Amino acid sequence: MTSTHGRGLLHLAAALDHEAAYDGARHLESARLAERGGLDFVTLGDSFARPGPDALAVLSRAATATTRIGLVPAVTTTHTEPFRVQAALATLDWVSRGRAGWWIDVSRTDDEARLFGRGPAAPAAALWREAGEVAEVAALLWDSREDGAETGDPAGGRLVDRARLHPVDYTGTGFSVRGPSLVPRPPQGHPVRLVDATEEAARTVAARHADVALVRAASPAQAAAVRDQLRASAAEFGRNPDGLRVLACLLVDLGDGERAAERGHGGGGPRQTVQGPLYRGGPVDLAELIARWHTAGVVDGFHLVPVEPGRDLERLVNGTVALLQHRGLFRTFYPGSTLREHLDLPRPANRYAATAGSTS
């Protein structure tokens, strides 16, 4: 599908966060609803600071209850072991058949540090420097077993082609990893990586490692300024800026209907709140806002966070998304099966295979 509006395809995603939902059933129901709307992916937040189910485990269950939509759990890089994190995300990519993403986040509070018997939380700059190192070593480990390394020949006593295994020998500021990974290279090569780049401290990691960056922006000008900064920084890291999708992140409250066209709400644009920019209005007004920002080329899409998931996600899918589809601004079906295909992103080449090929 080629967009005739804006600078590229419109991408839409939604958060599945339900407070006090412990059995996972509500998350699965929401994921299926978002899939019926053709959304690129759903996210599920996580934190050591709140009780509740593990996001990665919940979306691993959702992988078997859905067939197309991308699944992006938040997994912190603080107080976690990088080797296990990359293996868990690679496993999610396998069980979902190429629909895994990773919301890279950090743990900022002293309370979270105390859970692990550690001292006060490090400054934001140090946390995000470590996050960048974890993102780098995860990519190395995903490449450390080349495609086809598993020979599947137990009778011959040869399960793995050892020539296709590569120790990564990575040393960061707070950890070192030898590798290789124990999990075969994920179907997508690398699961899609997402960073909330609203905070300045997170933008270097987003520009260098992310496939998708979220920006909590209350105006098109604000979103465009951050997007331009991220694209320029990505180019400085040697990346093609067109390989970075920047989505505006909005809280959405669709309970007031279309009357909320007053300034400071839906009709006048999102209103800044302590939780982030809040759109309040009806599904039609939200569709107009999405079309206007995307057609202006200030973002590649939107990540929408329902204030009341049981109500707002249904209105988002059956109202806003349906209208965007009717206007030809959003897909009506999934043309591919992987999250990278939804986002029109290529499968990364394996750096070790490329090196071996160049020296043979």
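Contact here means heavy atoms within 4.5 Å. What you're looking at is a predicted model, where local features need pLDDT of at least 70, side-chain atom pairs count only at pLDDT 80 or more, and totals for chains, interfaces and linings use all residues. Residues are numbered from 1 along each chain as its sequence is written, and side-chain values use heavy atoms, with hydrogens and water left out. The protein chain has 11 helices and 14 strands; these are DSSP runs numbered from the N terminus, with helices being H or I of at least four residues and strands E of at least two.

**Overall build**

- Along its principal axes, the C-alpha trace spans about 70 × 50 × 45 Å.
- Of the 360 residues, 54% count as buried. The cut-offs are under 20% relative accessible area for buried, over 50% for exposed, and partly exposed in between, with a 1.4 Å probe and protein chains only.
- Take the contacts between residues at least 6 apart in sequence: 74% of them join residues at least 24 apart.

**Surface and charge**

**Helix H2 and its cover**

- Helix H2 runs over residues 55–63, and its buried residues are Ala55, Leu56, Val58, Leu59, Ala62 and Ala63.
- They cover an arc of only 160° around the axis, so they sit on the same side of H2. The arc is that of the directions from the helix axis to the C-beta atoms.
- The cover over those buried residues includes helix H1 (25–36), strand E2 (41–44), strand E3 (70–76) and helix H3 (82–95).

- As background, most residues other than glycine have a negative phi, and most peptide bonds are trans.
- His79 has a positive phi of about 65° although it is not a glycine. You'll find His79 in the loop between E3 and H3, and it is buried at a relative accessible area of 16%.
- Arg97 also isn't a glycine, and its phi is positive at about 60°. Arg97 sits in the loop between H3 and E4, where it is exposed with a relative accessible area of 71%.
- The peptide bond from Gly179 to Pro180 is cis, with omega near 5°. Pro180 belongs to the loop between strand E8 (176–177) and strand E9 (192–196).

**Buried loop residues**

- Val106 is in the loop between strand E4 (101–105) and helix H4 (110–115), and counts as buried at 5% relative accessibility.
- Val106 and His79 are 27 residues apart in sequence, and their C-alpha atoms are 8.9 Å apart in space.
- Not counting residues up to four places away in sequence, Val106 touches Thr76, Thr77, Thr78, Leu127, Trp128 and Ala131.
- Asp161 lies in the loop between strand E6 (158–160) and strand E7 (170–171). With 18% relative accessibility, Asp161 counts as buried.
- Setting aside neighbours within four places in sequence, Asp161 is in contact with Ala149 and Thr151.

**Buried helix residues**

- Glu133 is part of helix H5 (residues 124–143) and is buried, with a relative accessible area of 11%.
- Leaving out neighbours within four places in sequence, Glu133 is in contact with Tyr170, Gly172, Thr173, Gly174 and Phe175.
- From Glu133 to His209 is 76 residues in sequence but 9.8 Å in space, C-alpha to C-alpha.
- Ala224 belongs to helix H7 (residues 220–236) and is buried, with a relative accessible area of 18%.
- Ala224 and Val246 are 22 residues apart in sequence, and 9.4 Å apart in space from C-alpha to C-alpha.
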